[in-house]
Structures are given as structure tokens and as C-alpha cells.
Amino acid sequence: MSYKMNIMNQKSKGQNLPISILFSVCFVLFSFVAGAQVKSTIDSTSIKIGQQITYTVSVETDSTNLVVFPEGQTFNPLEVIDSYDVDTLKNKEKFNLIKKYGLTQFDSGAYTIPRQKIIVGDKTFFTDSLQVEVRNVVIDTTKQGLYDIKPIIEVEKPASNWWKYALVALLIVGAIAFLIYWFIWRKKPLTEEEEIALLPPYDRAKLALKKLDESHYLENDEIKDYYSELTFIIRKYLDEKVYDRALESTTDELISRLKLLKDGNQVDISQEDIKNLESILKRADLVKFAKSAVDVELAKLDRKTIDLEIDHVKEALPEPSEEEKLLDEKYRAEQERKKKRNKIILTVVISLFLLTATFVGFGIKYGFGYVKDTIIGHETKELLEGEWVTSDYGVPPVTISTPKVLRRTTPELPEDIAQQIDLTQFTYGSLIDRFYVVVTTTKIKNLSQNQGQENKIDLQKALDNSLKVLEQAGAQNIVTKSEKFTTPNGAEGLKVFGTLDMPVPNTDKFETANYAILGFTSGSVIQQISLTWKKNDTYADQMVERILNSVELNKSEK
């Protein structure tokens, strides 16, 4: 009552409340609200090395407010080993949100869990800092047996699908080979025309006369067509065996040539045979050109005469000499070689056409460079399309996906630096390779902490030192850009990237490459992911993008 009257008296006198009192009241009210809304607890203040602490944050708020809990490495120097789902409890008109974290530490000592930032609606609250003691685990070697480190166990490489691609390729090649064999190399059955063409001229002429007898020219009174076929048979035979221009010569020219051959004793054909041939050929000319009518019986008689004349011409022809037979053999052999050569040329042309068409088709769909690299092979393409590995590296862990497992390497450090830091490094490749990945975790020893307020590590300076390492390795013309980088699960860091010129081994030349360095820091720990790859390598660009998108500094919630 007196406090109220005092205030009223002061106001009645026209005096304002002191500013310090107003601020004190506001501060008390704010503290009361903050304490009522946000609370943090731990289930134990003393644990053994590696034992889990459950850190619980409780927020009481309206259902309309958005609550953002801390994520990432905000609990350093303790490590987050698990982040549980948020539990929601309804308390009358408000909701109580409970978020739990599993924390641990693998070094003994007294640690302070720093204050954690909680965002409720448009307001920000901070939890209290908490003290935790991490005790050593005492081992009684008289009761606990000590054993050697187990040897490395080789893991069988997972089977790839290369045999499927090989099987498809073999099927395609087999199908093409079968088609080429079937249509080009296969000994096809001869058609009737081909079988007739292989017969000797005499047998071919006799067969033609037999087919003429089977025709219906005479029954249909087609005398012109009948004589055309009959004279073609005798002319064809004479063209092949006696005079090679018999088909294109007139009747008078052909008869004159036969008489000349007879007079020169080149063909032992009788004068009567020549007259018979002349008579039939001229009668045929009259039928074909003058449309003269001929009796059917006379036509049959002329057919029998031609049959006899073919026999007489065969008998009049001299027997071929051994030299002529040899020439015929050579001619046939040459013809076979020509056929075989033509088949080979046709096979090569078809194969080249199919290969070119296949290359162009796949090139249009997938890109000519991709098809070329698939056929010839490309190192980074094989890495990109191979079996990728996702693993944790270092403590605290860096989760990253890479085309190959990173191997632990131990860089040589000066003794004074080695006494100040603990460094673990995992790498694949080297700076002179097409692709290089290195994950480094550096813990600075004896970095003082004061009630949760950490000595800040200059991340930009740490990344600049990494660039100096590249210079020491021979890199020149380093172009540097930097920007903030956020991992898919919300961890914030710094990215330095650009181009550089690396020396080509055993030469005086340099080759342009890209590089990217990610840096994260929390407490006394610096985590870096460094990548270098050749410029204008699209497959390496895709790998780098995939790797950067996979970086996590703590595992995603399950």
C-alpha cells in the first residue's frame, strides 16, 4: 500500500519514474516470461567418457507460434550423437514442446554446454549454460584382458552390372553378324535361272528347245513369238561357241561369217548346215518383219532342224586345248575371287554404316562426347557412374558421399605445430590426378573457454592457409572467390572456390583446374572438405555437385 501511495505522490508532484526502475521492471517481466516459456535440463552432470547425456529443451507456447530448435554443432565442445523428434503435449490452451538431444564427449575434463538459441514466433530466447564433468574410465588390466588390434578385413566388392551391358552388346553384334551372313555370305540355293546359266551352252540350248516345245505358241497360233524364241536359241548358241556377235548380226552377216569361218577351217561345219540355218533364219525374218504366214507343221520341222544343227555345230567345234581349259579355270577362279572380294567390301560397308548410324543415333540422344567416352573410356565418367560410398570421416564426423572410399593419410607436420593440433585426414587421388578429394578435421589443443563463450577461430584465415598449401604444391595463378555455404541439413560454413594452374608431371607445362574448399568451425574444431578437378570435365563437375550436396556435419533426424 505504501509502495503504491509513494508512486502516486511522485506522479502528483509531476515527477516521472526513474528510467532505471522502468528498465528493471521490464527486465524482470521479460525474465519471468522467458523462464516460464523455455527450460533446459540434462539428465546427468557427471558421465564417463563416451557415455550419453540427454539434453532436454521444453517450450510452452501457443499453437499459433512457430518454434525453431537448435540444430548443427551448437553444443560444442560436446558432440551431438542423436537428435530426437519433438514431443508435443497439450496443457489447457497451450502446447508444451519437448525436444531431446543425445550428447557425449570422448575426452575427460569439465565442460560447459553453451546457451542454446530458441526462436518462438518472432522472439528469441536463450537457455542457461550447464556444467558437465566427463570422467576417465579406469580399467583393471588384471581382470580385463588386452588383445591385439584386429587385422583389416577385406570387403568383397559389390558386383557390378557390366555383364548386362556386355550381354546386350554381344546380342547386337550377333544379330548384325547373323544378318550379314544370311544375306551376303550364306550359300543360297540357286534359282532356276541361275541353274540354267551354269549349264554348258549346248545343254542350255537343248533345254531351251525343250521349254519351247512345252510352250503354247503353236496352239495359240503365235507363230511370230515361236520363231523369235527358236532363232534366239540358235543365235545364242552360235554367239557363245562360234561367233561372239551372232546375236546382234543380221541374217546375211551371220551366214557370211559362218562361211568365212568354214573357209578358214576354223569351224568344220558343212555347207548344207549353213544353208539350213540360212533358210530358217530368213523365214523367221519374214514372219517377224513381213508378217508372213507359216504352216504349223513347217514350224515344227524348223524346230527339229535347229535341234540337229545344234548337234552338228557341237561336233564341228574343235576340242578345247589344255591351255584353253587352264584359261577357263583361271577365269572361274578369278570370278570366285571377285565375288568374295565384293562380299568383303559389302560386309565392311554395311558394318561401317551400322556402326556410324548407331554412333550418330546415340550421339543425338545422349551427346557425342558421352558416347565417345563410353566406347573409349573416361576415368571420371567411370567414377561418376560407379558404386558411390557414403561414410563418416573424423571426430566430430563429416558425412560425405564419394565415388571411392577415402583412405586415412597421415601428413607430416612440424613438431611445434603437431604439439598444438590433432589432425585427421582422409583422401582420394592426388593434386596431379583428374580428381582429388580430401576431408580434414583439425582440433586445436588448449583453446580456452570461459563460461561457454568460445575463442573464435578465423575460418577465412584457415582457408587462406589451405590455399598456401596449394601454392607450396606448385599451384600458380590461383583465382579465389568466396561465399557462405549451407549444408542440406543446415550447418553453415564458408566456401572458397576458383581456378588454378597445376604443373604437369615431368614437363614444364601447366594445366588449368578447378578447386573448392569448404570450411566449418565450432569450438576448437575446424572441418574442411577440399576438392580439385580438371577444368572442362563435365563428369567431374557432376561429381563435385553431388559431393557438395551430400555433406552433413551431423546426421539427419530419423
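These legends go with several close-up views of one predicted protein model.

**Notes for all views.** Because this is a predicted model, local features need pLDDT of at least 70 and side-chain atom pairs count only at pLDDT 80 or more, while totals for chains, interfaces and linings use all residues. Residues are numbered from 1 along each chain as its sequence is written, and side-chain values use heavy atoms, with hydrogens and water left out.

**View 1. The whole chain, to get your bearings.** The protein chain has 15 helices and 22 strands. Helices (H or I, at least four residues) and strands (E, at least two) are DSSP runs, numbered from the N terminus. Of the 558 residues, 32% count as buried, where buried means under 20% relative accessible area, exposed over 50% and partly exposed in between, using a 1.4 Å probe and protein chains only. Among contacts in the chain with a separation of 6 or more, 57% come from residues 24 or more positions apart; contact means heavy atoms within 4.5 Å.

**View 2. Strand S7 and its partner strands.** Eight of the 11 residues of S7 (residues 94–104) are buried, so this strand is largely enclosed by the rest of the structure. Two strands pair if DSSP finds at least two bridges between them. Strand S3 (residues 53–61) runs antiparallel to S7 and is joined to it by nine bridges, with Val-57 opposite Lys-99 in S7. Strand S5 (residues 79–83) is also antiparallel to S7, through four bridges, and here Ser-83 stands opposite Tyr-101 in S7. Five bridges link S7 to strand S6 (residues 87–91), again antiparallel; look for Lys-90 opposite Phe-95 in S7. The hairpin of S6 and S7 has two residues between the strands, and Lys-92 takes a positive phi near 60 degrees there.

**View 3. A three-stranded open sheet.** The strand order is S4-S9-S10, with antiparallel pairing. Strand S4 (67–68) and strand S10 (123–126) stand at the edges, each with a single partner strand, so one side of each has no neighbour in the sheet. S4 and strand S9 (residues 117–120) run antiparallel and are joined by two bridges. The bridge partner of Val-67 in S9 is Val-120.

**View 4. Helix H7 against helix H8.** The axes of H7 (residues 251–263) and H8 (residues 271–289) come within 10 Å and cross at roughly 175 degrees. That makes H7 roughly antiparallel to H8. Axes are lines fitted to C-alpha atoms, for helices over the stretch in contact, and angles run from 0 to 180 degrees between N-to-C directions. Angles under 35 degrees count as roughly parallel, over 145 as roughly antiparallel, 65 to 115 as roughly perpendicular and the rest as oblique. Among the residues that meet are Leu-254, Ile-255 and Leu-258 in H7, and Ile-274, Leu-277 and Leu-281 in H8. By class, the contact of H7 with H8 has six nonpolar, two polar and six charged residues. Ala, Val, Leu, Ile, Met, Phe, Trp, Tyr, Cys and Pro count as nonpolar, Asp, Glu, Lys and Arg as charged, and the others, Gly among them, as polar.

**View 5. Helix H8 against helix H9.** H8 packs with H9 (residues 296–316) at an angle of about 140 degrees, their axes 10 Å apart. The two helices H8 and H9 are therefore oblique to each other. The contact includes Asn-276, Leu-277 and Ile-280 of H8, along with Leu-298, Thr-305 and Ile-306 of H9. Its residues divide into four nonpolar, three polar and four charged.

View 6. The strands follow the order S14-S15-S16-S22-S21-S20-S19, with antiparallel pairing. Strand S14 (407–409) and S19 stand at the edges, each with a single partner strand, so one side of each is left without a neighbour in the sheet. On average, neighbouring strands are turned by 20 degrees against each other, direction ignored. S14 pairs with strand S15 (residues 421–428) over three bridges, and Arg-408 stands opposite Phe-426 in S15. Helix H14 (residues 459–472) packs on the sheet, touching S19, S20, S21 and S22, and its direction makes about 150 degrees with that of S21. Helix H15 (residues 538–550) lies across S16, S19, S20, S21 and S22, running at about 165 degrees to S22.

**View 7. Thr-487 in its loop.** Thr-487 is found in the loop between strand S19 (476–486) and strand S20 (492–503). At 3% relative accessibility, Thr-487 counts as buried. Not counting residues up to four places away in sequence, Thr-487 touches Phe-520 and Val-551.
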